[in-house]
Amino acid sequence: MNRNPVSIIIGAVLLVIVAALLFVFQVRQSEIAVVTTFGKPTRTVEKPGGPYWKWPWPIQKVYKFDQRVQSYEDKLVEDLTADNNNLLTQLYVGWRITDPEIFFPRFAGGSVVEAEKVLEGMIRSAKSAVIGKHPLSDFVSADQPVKFAQVEKEILDTVRSQLKANNYGMDVEFLGIKRIGLPESVTQSVFDRMKSERNVLSSRSKFEGEAEAQKIR
């Protein structure tokens, strides 16, 4: 009995598709691929396109990572300033994978969730240490410029140095303060102090003005 030519063609096409799925892969513009051989990273593909050849599983497996900057926000938490005032802060962070062959084994098969858990701990520690070096007036002040940029840079430098020292295969591209606030228990006392500072400045300006007027008279 002769086989149907259509069935033969369909079978051949399916065979080609299965072979392609087993032996080739592609990399998108925004991706980096790591090829593992028996579970160990052996090749990194950074150039988008394809097809790229590989041995089928379980010999080789392809893991793909987003090489774009990924956004992360820490929790709004309370820290103590240098002058013993409680301050609530929340940061926004942009980070990315810089070396997938290092990143992959450090975080359980390249888990972004696990990486952000480590990043969260580093940010929390760095933020607490930096805020502890600055008085409340560097964050909330009525008579002098706040120092957000300086604080952000100090936290960023600390986190970057920790990532480099631990060789995680990732880096922080940018970091900034998203939210800042005062606990309800200290808000009124801070406002009272700011009001007192403004009254002192006002009295000083009034006194200097009267003295200058007296000189003119």
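At what angle do helix α3 and α4 pack, and how far apart are their axes? Helix α3, residues 112-131, packs against α4 at an angle of about 135°. The axes are 9 Å apart. That makes α3 oblique to α4, because angles over 145 degrees would be needed to count as roughly antiparallel. The crossing of the two helices, α3 and α4, is right-handed.

Who makes the contact? From α3 we have Leu119, Met122, Ile123, Ala126, Lys127 and Val130. From α4 come Val151, Glu154, Ile155, Thr158, Val159, Gln162, Leu163 and Asn166.

One caution before going on. This is a predicted model.

Now the overall layout. The chain has 217 residues, and 31% of them count as buried. Its secondary structure comes to 5 helices and 9 strands. Along the sequence, the pattern reads α-β-β-β-β-β-β-β-β-α-α-α-β-α. Next, contacts between residues at least 6 apart in sequence. Of these, 68% join residues at least 24 apart.

On to the strands. Start with the open sheet. This sheet has 3 strands, in the order β3-β2-β5, and the pairing is antiparallel. The edge strands are β3, residues 40-45, and β5, residues 60-66. Each of these edge strands pairs on one side only. From one strand to the next, the twist averages 30°. Look at β2, residues 31-37. Strand β2 is joined to β5 by 7 bridges, and the two run antiparallel. For a landmark, take valine 35: its bridge partner in β5 is valine 62.

Next, β8, residues 86-97. Is this strand buried or exposed? Buried, for the most part: 9 of its 12 residues are buried, so β8 is largely enclosed by the rest of the structure.

Which strands does β8 pair with? Take β6 to begin with, residues 70-73. Strand β6 runs antiparallel to β8, and 4 bridges join them. Here glutamine 70 has tryptophan 95 of β8 as its bridge partner.

Then β7, residues 77-80. Strand β7 also pairs with β8 in the antiparallel sense, over 4 bridges. Aspartate 79 is bridged to leucine 87 in β8. These two strands, β7 and β8, form a hairpin with 5 residues between them. In that turn, asparagine 84 has a positive phi of about 65°.

And then β9, residues 170-181. Strands β8 and β9 run antiparallel, joined by 10 bridges. Glycine 94 stands opposite phenylalanine 174 in β9.

Let me turn to the aromatics. How many aromatic pairs does the structure hold? The count is 7. One of them is phenylalanine 103 with phenylalanine 107. Their centres are 5.0 Å apart, with 45° between the planes, and the pair is tilted. Both residues are buried. Phenylalanine 103 has a relative accessible area of 0%. Phenylalanine 107 is at 3% relative accessibility.

Last topic: backbone geometry. Most residues other than glycine have a negative phi, and most peptide bonds are trans.

From tryptophan 57 to proline 58 the bond is cis, with omega near 15°. Proline 58 lies in the loop between β4, residues 49-53, and β5.

Spot two is phenylalanine 38. Its phi is near 55°, a positive value in a residue other than glycine. Phenylalanine 38 sits in the loop between β2 and β3. Is phenylalanine 38 buried or exposed? Exposed, at 63% relative accessibility. Compare that with phenylalanine 103, which is buried.

Asparagine 167 is in the loop between α4, residues 148-166, and β9. At 42% relative accessibility, asparagine 167 counts as partly exposed.

So where does that loop lead us? Back to the opening: α4 is the helix that packs with α3 at about 135°.

Note on methods:
Residues are numbered from 1 along each chain as its sequence is written. This is a predicted model: local features need pLDDT of at least 70, side-chain atom pairs count only at pLDDT 80 or more; totals for chains, interfaces and linings use all residues. Side-chain values use heavy atoms; hydrogens and water are left out. Two strands pair if DSSP finds at least two bridges between them. Axes are lines fitted to C-alpha atoms, for helices over the stretch in contact, and angles run from 0 to 180 degrees between N-to-C directions. Rings of Phe, Tyr and Trp (its six-membered ring) pair if their centres lie within 6.5 Å; planes under 30 degrees apart count as stacked, over 60 as edge-to-face and the rest as tilted. Buried means under 20% relative accessible area, exposed over 50%, partly exposed in between (1.4 Å probe, protein chains only). Angles under 35 degrees count as roughly parallel, over 145 as roughly antiparallel, 65 to 115 as roughly perpendicular and the rest as oblique. A crossing is left-handed if the near helix is turned anticlockwise from the far one by less than a right angle, and right-handed if clockwise. Contact means heavy atoms within 4.5 Å.
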